[in-house]
Amino acid sequence: MSERLRIAITKGRLLDQSVELFERVGLDCGPIRDPGRRLIHSLPNYPLDAVLAKAPDVITYVEHGVCDLGIVGKDTILEKGGSFYEVLDLGFGRCRFALAVKSGSDFYGTYKTRRVASKYPEVTRAFFEKKGMDVDIIKIEGSVELAPLLDLTDAIVDIVETGATLKANGLEPIETVADVSARLIINTASMKLYKGQINDLIAKCETGLEKEL
Ligand SMILES: Nc1ncnc2c1ncn2[C@@H]1O[C@H](COP(=O)(O)OP(=O)(O)OP(=O)(O)O)[C@@H](O)[C@H]1O
Ligand SMILES: O=P(O)(O)OC[C@H]1O[C@H](OP(=O)(O)OP(=O)(O)O)[C@H](O)[C@@H]1O
């Protein structure tokens with residue numbers, strides 16, 4: 001019997017490339033190419049329902065087993081953690097976490113406790129803990145580049161893709177914190193219960209990735 005699997009896909013930047021990957025291996029993604037306001041869509045030619053969710057919620061739904069699989073950025077995985085299998089680097093959504101400062105400023109050249117703003121406080125904490133450095137971390141919800149411009153903090157840890165946002169705001173990256181790309185994650189119980197079907201979908205993703213090369 002073929003169960004319908006459920007996959008949570010991160011809305012926004014990762015959705016288009018997820019659709020591209022699935023379509024490359026013959027999955028009809030018509031319903032999620034142009035999803036409108038509807039959040040759950042059945043794929044017409046493969047036993048898969050796609051749930052469109054915010055990045056951290058993708059992990060929540062997969063961890064709780066209400067979705068069998070998920071597509072989410074490594075940034076969110078590093079920040080939120082959780083218990084699931086991370087089975088594939090999907091290669092798209094490539095960017096990096098970087099430590100950035102106002103151009104020319106000397107972040108490491110002082111003994112006072114530095115302040116760092118980030119939408120990713122856990123990633124930031126782990127980065128400085130590894131260095132044995134005590135920093136004050138301030139959580140910001142978006143447009144993190146504002147924090148040093150307003151002199152709230154000495155630096156930011158944020159996602160950098162092209163570097164255009166940093167440059168436009170007179171900031172510069174001084175260190176890479178971690179590389180980021182989209183990952184396929186699987187609920188641990190689903191992996192056992194629906195092994196055959198999940199492996200079929202993983203194999204399709206692998207084929208899709210090879211086709212792109
Ligand atoms: N330039 C980039 N900026 C932000 N995320 C990026 C970038 N490039 C790739 N990504 C990946 O895309 C994922 C989704 O990003 P997106 O900007 O769509 O949502 P978000 O900024 O996390 O949430 P929000 O809906 O609040 O904007 C990120 O978690 C990350 O893995
Ligand atoms: O290096 P770049 O190519 O310029 O991309 C990086 C920018 O994109 C992201 O912001 P996003 O557009 O998601 O908005 P946000 O800051 O409100 O999250 C990220 O937080 C940076 O600000």
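Of the 213 residues in the chain, 36% are buried (20 or more other C-beta atoms, placed from the backbone, within 10 Å of a residue's own). The model is predicted: local features need pLDDT of at least 70, side-chain atom pairs count only at pLDDT 80 or more, and totals for chains, interfaces and linings use all residues. Residues are numbered from 1 along each chain as its sequence is written, and ligands are numbered from 1 in the order in which they are written.

The chain has nine helices and eleven strands (DSSP runs, H or I of at least four residues and E of at least two, numbered from the N terminus). Its C-alpha atoms fill a box of roughly 65 × 35 × 30 Å along the principal axes.

The largest nonpolar core holds 36 residues. Such a core is a set of buried Ala, Val, Leu, Ile, Met, Phe, Trp, Tyr and Cys residues joined through C-beta atoms within 7 Å. Ile7, Ala8, Val58, Val62, Leu69, Ile71 and Val72 touch the most other members.

Apart from it lies another core of 21 residues, among them Ala100, Val116, Val123 and Val157.

Ligand 2 is surrounded by residues including Gly142, Glu145, Asp158 and Thr165 (C-beta atom, placed from the backbone, within 6 Å of the ligand). Strand S9 (155-160) and helix H7 (164-168) each supply at least two shell residues. S9 gives the largest share, three residues.

Methods: A residue is buried if 20 or more other C-beta atoms lie within 10 Å of its own, exposed if 12 or fewer, and partly exposed in between; C-beta atoms are placed from the backbone.
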